[in-house]
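Dear colleague,

Please find the structure that I am handing over to you below, and read the notes after it with the structure open beside them.

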Amino acid sequence: MGTPRLTLGLDSGRGSRLDFLTHQALHGDMPRLSVDDLMTMAGLADLRGKGGAGFPFARKLQAVVRSAQRRRSPVRVVVNATEGEPAAAKDLMLLTRAPHLILDGAELTARALNAPEITIGIACGDAGEKSLLAAIDERASDIAVQVVRMPDRFISGEGGALVRGINGQTPIPPGRKIRASDRGVDGLPTMLSNAETFAQLSLIAALGADQYSTIGVPSEPGTVLLSVSGSAKSPAVVECPSGTPLSDVLVACHAPVGRGVLVGGYHGTWLRPDAVERAVVSRAGMEAVGAVLGAGVVVPLGGDACPLEETALVLRYMAKESAMQCGPCFRGLPELARAFDALVEGEGDPEEVQRAAAVGNRRGACAHPDGTARMALSALEAFPDDVAAHRYDGGCGTSKPGVLPLPKDDSGLRLVLDWSRCDGHGLCAQLVPELIQLDRNGFPESPTMDVPEKLEEAAAKAVQMCPTLALRLDSAPSG
């Protein structure tokens, strides 16, 4: 939509990758900039991280430089293209169609920092890997590029998880916040940013900050990549100038709004149709309607989907995506998923969801608990009529689950309770308290519980020791 920047030349062949010669003809050669000039240029264009946090690129670069000077150490450059968000596809599009934009921006940064190597994190089985490797082979560069495959999980997209994975550790967020600029790959100061961020940096260098800023709103210049799916009849990664009305993007993708639109992904916010009409594609524009732009994920519901059922499915998935290393995530997210399930089934209430959502409150080892809680609470706020219908009438009259993208999971297990056999002994809750909580009458609160891999052994023991044989382990249905 509008003047193409990141997508320039991609209409020349559906699905094809821009080779290096074509890329150079479209975008030119990258200049060589000192680190001070690079910081100035990124600051003038107000380049922010495109992975969700929106942190200023120039400030992150400055932090890396100061840390390296203080420690008198070399630095590392890392591109985060793992994109663990199931509804996100923008980084994959860049890897597949325009990988040289990412490589240009990363190489520009590495040269400015005198970094000898670039590391690019991708998801295992990523369809963009072949294209990325071919692009690397085309470039005659003295800077080495290493590609590291990460598990295709939601939490793999967290920066700390990527650094741990590159360092040969379990790729989960660290238990405490460690800035990559202080201690990242190999314990060295590391310039870590999202794939689109480096691609945008290459455009700023090629065009100059002034020319780059001629598109978009003055306070947030440039273009934005959006991953549009859900009810869209033409799902796509859309490039549009910042300030574009969100409704225009949905029309272009033939995406009916239905009851609402999820913006910002599964750590994002639900918007009602009236808010969608007012929303514009920018950080400030989304904040004005109570949402966050995040990593640019946009998922409209369409006409036949229940927003509460969709939210419940995502919450179950997010609970299973726990890193299993802190209480708000390990215990809190399953409880939040159970509370929301109960609300959907007409057996719970919004207050229970709110209590469960408050368990994180910035006490988690990473943003996963708080982000997931944000999505759940926004559903209560955006869809009060649906909440009332499920609570008092047993449902809202529509049900077409599966509009929100979720990965298939054929390997998981689910602990299933047979109410007709259960006598409320409570032994199961003692054996696996992370999964089973008892109600005031001493019976398990939920008839089904997804079992994370870490708890499979404990769940099997609960099944074996149940005095009335009321428990069994089944394969969880695929998402």
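**What was found**

Asp-46 has a relative accessibility of 24% and therefore counts as partly exposed, a class that lies between buried (under 20% relative accessible area) and exposed (over 50%), worked out with a 1.4 Å probe on protein chains only. Please keep in mind that this is a predicted model, in which local features need pLDDT of at least 70 and side-chain atom pairs count only at pLDDT 80 or more, whereas totals for chains, interfaces and linings use all residues. Residues are numbered from 1 along each chain as its sequence is written, and side-chain values use heavy atoms, with hydrogens and water left out.

Asp-46 sits in the loop between H2 and helix H3 (57-71), and although it is not a glycine, its phi is positive, at about 50 degrees. The names of helices (H or I, at least four residues) and strands (E, at least two) refer to DSSP runs numbered from the N terminus. Glu-83, placed in the loop between S1 and H4, is another residue other than glycine with a positive phi, near 45 degrees, but with 16% relative accessibility Glu-83 counts as buried. Gly-28 belongs to the loop between helix H1 (20-27) and helix H2 (35-44) and is partly exposed, at 28% relative accessibility. Between Gly-28 and Ala-358 there are 330 residues in sequence and 51 Å in space, taken from C-alpha to C-alpha.

**The parallel sheet**

An open sheet is built from 4 strands in the order S3-S2-S1-S4, with parallel pairing, where two strands pair if DSSP finds at least two bridges between them. Its edge strands, each of which pairs on one side only, are strand S3 (144-150) and strand S4 (190-194), and the twist from one strand to the next averages 20 degrees. Strand S2 (residues 117-123) is joined to S3 by 7 bridges, and the two run parallel; Ile-120 stands opposite Val-147 in S3.

**The mixed sheet**

A further open sheet has 5 strands in the order S8-S7-S11-S9-S10, and its pairing is mixed. Here the edge strands are S8 and strand S10 (269-271), each pairing on one side only, and the twist averages 30 degrees from one strand to the next. Strand S7 (residues 223-228) and S8 run antiparallel and are joined by 6 bridges, with Glu-239 in S8 as the bridge partner of Leu-225. Helix H4 (residues 90-97) lies across S7 and S8, running at about 105 degrees to S7.

Ala-236 lies in strand S8 (residues 236-241) and is partly exposed, with a relative accessible area of 32%. Apart from its neighbours within four places in sequence, Ala-236 is in contact (heavy atoms within 4.5 Å) with Leu-226, Ser-227 and Val-228.

Two packed helices are described by the angle between their axes and the distance between the axes. For helix H13 (residues 307-320) and helix H18 (residues 384-393), the axes come within 9 Å and cross at roughly 85 degrees, so H13 and H18 are roughly perpendicular to each other; on this scale, angles under 35 degrees count as roughly parallel, over 145 as roughly antiparallel, 65 to 115 as roughly perpendicular and the rest as oblique. Pro-307, Leu-308 and Glu-309 of H13 make the contact with Asp-386, Val-387 and His-390 of H18.

In helix H15 (residues 332-344), 12 of the 13 residues are buried, so H15 is largely enclosed by the rest of the structure; among the buried ones are Leu-336, Arg-338, Phe-340 and Asp-341. Just after H15, Gly-346 takes a positive phi of about 80 degrees.

With best wishes

Technical notes: Axes fitted to C-alpha atoms, helices over the stretch in contact; angles between N-to-C directions.
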